[in-house]
Amino acid sequence: MSHFSTVKTKLTNRECLIFALTDLNLSPQVHETAQPLKGYYGGSQGQSAEIIVSGRTIKARADIGFKWNQSSCVYDVIHDSYETVPKLGKDFFSNKLMLAYGQRMVRSIAAEL
């Protein structure tokens with residue numbers, strides 16, 4: 001059954017997250033306020049995010065969203081694993097994205113020094 005799930009992350013830096021998604025050829029759409037996500041069946045299921053990867057980017061029917069969680073000061077990932085796992089792999093968020101994000105964080109910190 002297709003539905004959105006929310007996953008807690010350690011992603012805190014908006015700019016590094018956007019660059020990491022770009023590095024992974026995911027073409028993120030960035031919004032100042034949260035926008036509705038497109039789900040497998042077309043509706044948003046009440047989910048929205050400030051950074052959105054269109055499902056079309058990965059040839060899927062559901063978007064991937066990164067929503068700022070004000071209380072924990074991190075981005076939560078909102079995705080439909082029925083759609084994302086076959087297209088990106090089951091370790092995409094915990095491995096590939098975190099690696100690209102970490103590389104961007106290192107570059108950002110190095111540039112400040």
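In which helix is Arg-104 found? Colleagues, in this predicted model, Arg-104 belongs to helix H3, which spans residues 92–112. The side chain of Arg-104 makes a polar contact of 2.8 Å with the side chain of Asp-23. Beyond its neighbours within four places in sequence, Arg-104 is in contact with Asp-23, Ala-20, Phe-19 and Cys-16.

Let me turn to the strands. Strand S3, residues 48–53, is largely enclosed by the rest of the structure, because 6 of its 6 residues are buried. Strand S2, residues 29–36, runs antiparallel to S3 and is joined to it by 4 bridges; within this pairing, Gln-35 has Ala-49 of S3 as its bridge partner. S3 is also joined to strand S4, residues 64–69, by 3 bridges, again in an antiparallel arrangement. Here Ile-52 stands opposite Gly-65 of S4.

I come now to the nonpolar cores. The largest has 20 residues, of which Leu-17, Leu-21, Ile-64, Phe-66 and Leu-97 touch the most other members. At least two residues of this core come from each of helix H1 (14–23), S3, S4, strand S5 (74–79) and H3. The greatest contribution is that of H3, with 5 residues.

Terms used
Residues numbered from 1 in each chain as written. Predicted model: local features only at pLDDT ≥ 70, side-chain atom pairs only at ≥ 80, totals over all residues. Heavy atoms only, no water. Polar contact = N/O pair within 3.5 Å; in protein donor to acceptor, adjacent residues only side chain to side chain. Contact = heavy atoms within 4.5 Å. Buried < 20%, exposed > 50% of the residue type's maximum accessible area, 1.4 Å probe, protein only. Pairing = 2+ DSSP bridges. Core = buried A, V, L, I, M, F, W, Y, C linked by side-chain atoms within 4.5 Å.
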